[in-house]
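Have the structure open while you read.

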Amino acid sequence: MTPSEDTAPYPGSEARGFEPVIGLEVHCELLTQTKLFCGCRNAFGDVPNTNVCPTCLGLPGSLPVLNARAVELAMRIGMALHCDVRPSIFHRKNYFYPDMPKDYQISQYDEPINVDGHLELPDGDRVRIVRAHLEEDTGKTTHVGGGGRIHEADHLLVDYNPAGVPLVEIVSGPDLRSAAQARAYVAELRSILVATGTSDGRMEEGSMRVDANVSVRRPGASELGTRCEIKNLNSLRSLVRAIEYEAGRQGALLDAGERVVQQTRHWDEEAGRTVALRSKEEAFDYRYFPEPDLVPIAPDPGWQKDVAASLPPMPAERRGQLRGLVRGDGAPVASTAQEDQIATVVEHALDGLVVAAAEAGIPPALALARTANEASAAAQAARSLDEAAYVALLRMEHDGELTATQAKVVLGDMLEHGGDPAEIARRHGFEALAADSLASAVAEVLADHPDEWERYQAGEDRLAGFFTGLVMKKTSGRADGKAVAAELRRLRA
Amino acid sequence: MSPADPSDSHQPTTAPAAALAALVRAGETSARDAVARHLDAIARLDGELHAFVTVLPEQALAAADEIDRRVAAGEDPGPLAGVPVAVKDNMCTRGVATTCSSRILEHWRPPYDATVIERLAAAGAIVVGKTNLDEFAMGSSTENSAFGPTRNPYDPSRVPGGSSGGSAAAVAAGLAPLALGSDTGGSIRQPAALCGVVGMKPTYGTVSRYGLVAFASSLDQIGPFARSVADAAVLFDVIGGRDPMDSTCLDRPLPRTTSAVGDGVEGCRIGVVRELVEGADPAVASAVAEAAQALARAGAVVEECSVPEVRHGLPAYYLLAPAEASSNLARYDGVRYGLRVDAPDAESMNAATRASGFGPEVKRRIMLGTYALSAGYYDAYYGQAQKVRTLIIQAFARAYEQADALLGATTPTTAFAIGDKVQDPWAMYLSDVFSVPSNLAGDPAMSVPFGADAAGLPIGVQVLAPALGEAMVVRVAAALEAAAPRLDAPGIADLPLLGATGEQR
């Protein structure tokens, strides 16, 4: 450690004239019914040590048997990332830790199932995928008693429910150049995992975990700098903060004429900084060797073909479809705001709603805006929305039966409880004001305020707001402000 | 002498275990009586032999009663109905201590049965006890047991061989007509030879390893001990066959051997492997030569041959097996089961537990294997040893272009004295020099008794065949058994049990 290590925060590395170089290792839990090598349930949140058997507890004499579904999901991920899907084998990664039932992890090493792919970011940049391999998860340790930190704990509790849960580790090339780009990569990867039904991509539950390899260099330099690996990035926010901190730290070191030491570092979310865990010299020698209890995986071509044929459209393709819809709406290209909306909608796998609405004749821009801004805020609920009901809501808004504000209120209710939008609108008293009632409400207001009406007719436009307020009051807010303004303009003309 | 004339044969092929099962199935004798007599012999003789770590009188008698009840009800409990079987104590038995003769597992009771245990039960066999072994099957004398050595029934001052010494001694002394052992580098065949019984290491992948506590996963294989080739064949046929719990099980029809025992060797091409005899004691070498002649007399085409690559087997084995063992034995860390020696933190608890729970030979192999797999040494040691393994596989394949089976010695010497080699690991490792190549190749091999040395200690000769060639192995072994010189019964044995099962010695 160097003295400057603990001073925080650092100014951004870019400010010092450094370019961050980032590669990410993403672990995702596969959505299988059972674990990778035994028949135990793969479930989150069950009572500790209830989903266990001789194999996932590593009892003497137990043996692993590979879960074919996990292989299939790994192939799906590989194909979605344009990887070369190959015959592969498992290795043992040996190290002692109480959460490792066998004190080795069964993982893929130099012959992984997926290699040499790429992921296309929403902005079109390509990130190389070096590999995406299968491995088993470990148990979960909790340090109990003492001061709550590892070295102060009185004892350790271990839950072996997660031990043996199938993971795919996706390793990117060192192709990312900013924290924002790293964020976009993880978001895109998550969309792909969700789209392929391979993982639920929930970072907060740990079903998707990210380690970041970060180094910095002068722009234009061809050599990579010395990197540090940052662990414990549990959210996109942590990912961005940790990368920015780390790149800044390394830039400051180099500026001070010091060098970066290759280390594994831990992200301390509360303190907002990375802390050294171990250096390269202290790194484990995992003594990898081929797992003798398993046979090579050689998926037959027919199976691979079936898996490839069952892949749904990927996010990049789906973004393209939404762009096409917006352009078809009369705009030559999607605006920057719409590009953001498209990215959001696809990231949350809500593009189906937009497409359905557009096919039903709703202007795509409206469907896109409502889906990106409101539905995405409750994405999980939105994914189970009744498509027809959602389209009906958008139609009510488009037809002027509901104001934008009212439509958002109704949507909020639909996301929370479901239900028919027309009925929800009625419950809220959002029944559309018939055009003649609006006209008569306006006429009444004008009759009550002849002086103001004269001034408005004389060109005092700001009185429109005065009249609108009164009409709103008279109609208990059911009138559409735009419709009132239109009626006033009509009467004046 | 012609083997076609049974009167010329010193030891007609018999199958005492199968014969006992036949009597039980016919209701002519009870399983309870058979089991009780063997338990009684164990009670009388095992104090001196120490073949067993755990004896299971109540469980065995209850199982026997169940067999008798089923026979009385007109059911057929299976081909080994009522036959007592001794099981090496590295195979999991539900609720019954499975120690691997190690302090670290001394009190561990598995919650599940090994697949072979289930198959024994399905065939009507009765487990009478768990037998002693070199700790975690690492050794060639059973002296590495944390619970004390097993003695050779022919001479209690000598070792029974190992690591399945307890199983070999139990069968030789009549304490059980059948036993299971595991063979990683010779751990069935070597003690079989030293105790004067039949022992077979089957083709890798023919017998499920599920529930066998792993030593070296790519080499370990469970196999039978018996007092005759025919019985060994029956036991192999019972325990073999694909098991979905073991991914390395071969997905091919199991070679059925029982029916091949009497097929003879007329016209079989037998190669006597020079390298599997060289360096052996003169008595052992001449036994192999006599065995070869006996096969020729029985109609086989016998030729000397050379498989020079097998000379590299032992060094390769002593890198590969410890490498796998160093990983397989990592799980004994005091966290989940077995011995725990408490310490202030997890890491020191691991270290204290392992320091106290493992014996010196196990520690030596863990160190050796850890080193062989270490960064920077992997290619030179583990990688190189794997290449040697491939060369040996290819060399055997070439030899089998000219021969249906191969013949050699099982061990270089007969039983050595307890204490003789414990201080010299390399001398001990040399006991496996003739047996290790079959494990590296994954091929089947059987040791069959063939006479004795001047001191009356049994000599074993080894029959090897290509993968899934068990039927050929038993044909050749049965021919040798029929022609073998008479072997006296051991000094420590239940003679009525040896004889009562219809066996001549």
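## Arg177(A) and its partner

Arg177(A) counts as partly exposed, with a relative accessibility of 27%. In this predicted model, its side chain meets that of Glu19(A) in a salt bridge, 3.8 Å from N to O. Glu19(A) sits in strand 1 (residues 19-29) of chain A, while Arg177(A) is in the loop between strand 9 (166-172) and helix 2 (179-196), so the pair ties together parts 158 residues apart in sequence.

## A pair within one helix

Over all chains, the structure holds 54 salt bridges. One that stays local joins Glu72(A) and Arg69(A), at 3.2 Å from N to O. Both belong to helix 1 (residues 68-80) of chain A, and being 3 residues apart puts about one helical turn between them. Arg69(A) is partly exposed, at 39%.

## Where the chains meet

Now for the interface: 31 residues of chain A are in contact with 39 residues of chain B. The two chains bury about 2,700 Å² between them, 57% of it on carbon and sulfur atoms. Pro60(A), Leu63(A) and Arg287(A) supply 23% of the area that chain A buries there, more than any other three residues.

The rule finds 2 salt bridges across this interface. Arg209(B) forms a salt bridge with Asp293(A), the closest N and O atoms being 3.0 Å apart.

Is Asp246(B) buried or exposed? Asp246(B) is buried, at 1% relative accessibility, and Arg209(B) is buried at 2%. Through shared partners, salt bridges join Arg92(A), Glu291(A), Asp293(A), Arg209(B) and Asp246(B) into one network.

How values were computed: Residues numbered from 1 in each chain as written. Chains lettered and ligands numbered in written order. Predicted model: local features only at pLDDT ≥ 70, side-chain atom pairs only at ≥ 80, totals over all residues. Heavy atoms only, no water. Contact = heavy atoms within 4.5 Å. Buried area = accessible area lost by both parts, 1.4 Å probe. Salt bridge = Lys/Arg side-chain N within 4 Å of Asp/Glu carboxyl O. Helix = DSSP H or I, 4+ residues; strand = E, 2+ residues; numbered from the N terminus. Buried < 20%, exposed > 50% of the residue type's maximum accessible area, 1.4 Å probe, protein only.
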